[in-house]
Amino acid sequence: REWVFNPIYVDAKPTTTSTNKMSHAYIDFPLMDAVIDPAFANNTTLLNNIAKFFNSCACNTSCDMTAIHITGYASPDGVYEENAELAKNRAEALRTYLVSTFGVSDNIITLSSVSEDWDSVIKWVEASSLKNRDAILAIINGTMSPDEKDHAISTKYHEDYEMMLSECYPPLRRATYRVDYKSCGENMDAAAKSINAANA
């Protein structure tokens, strides 16, 4: 009896997979300013990192940005209404920068702002060695208005307040973004890999 080999052909094409990812960055601003200054603080390095990410996405057809969330912040020193406007302007400045520099679609950008970043102040004070740390935290967590809180700390605990002005408040003057994007690539299931290995 003659044996005949009858091969079975299987199409083992790779399948496309999509992975959701996020990228974060921020920009520092001088006191009472909403203009992006590349020479200010650590902005040169921060802007270079931002450029690397967006240029990489532009050159990579498998990178699909789905949303960009920008938030502007202000420190508690100053008048609350002015800080609220400042925080919004910082978010807008970063939006304009991304659109004009990298051609990002304005349709995927959303803006928000934090008029005075007291949450970050609380974290800093809790971890600090301020002489009147507990009393300052009691003021912050109390029922005063934002302007009243800042004034009370500055007048009652002047020495501690000076340290807050120099160490705590400057990093709060910022704008941040979060980019949601999909990274697409080819993948093979276990059966396809096994078949391809056998035929190698």
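This is a predicted model: local features need pLDDT of at least 70, side-chain atom pairs count only at pLDDT 80 or more; totals for chains, interfaces and linings use all residues.
At 7% relative accessibility, Tyr161 counts as buried, where buried means under 20% relative accessible area, exposed over 50% and partly exposed in between, with a 1.4 Å probe and protein chains only.

Residues are numbered from 1 along each chain as its sequence is written, and side-chain values use heavy atoms, with hydrogens and water left out.

Searching the whole structure gives six aromatic pairs; rings of Phe, Tyr and Trp (its six-membered ring) pair if their centres lie within 6.5 Å, and planes under 30 degrees apart count as stacked, over 60 as edge-to-face and the rest as tilted. One of these pairs is Phe53 with Tyr181, edge-to-face at 5.4 Å centre to centre and 65 degrees between the planes. That pair links distant parts of the chain, since Phe53 is in helix α1 (residues 43–59) and Tyr181 in strand β4 (residues 174–187), 128 residues apart; helices (H or I, at least four residues) and strands (E, at least two) are DSSP runs, numbered from the N terminus. Both Phe53 and Tyr181 are buried.

For Tyr161 and Tyr169, the ring centres are 6.1 Å apart and the planes at 85 degrees, so this pair is edge-to-face.

Ring pairs also link Phe53, Phe54, Tyr97, Phe102, Tyr177 and Tyr181 into a cluster.
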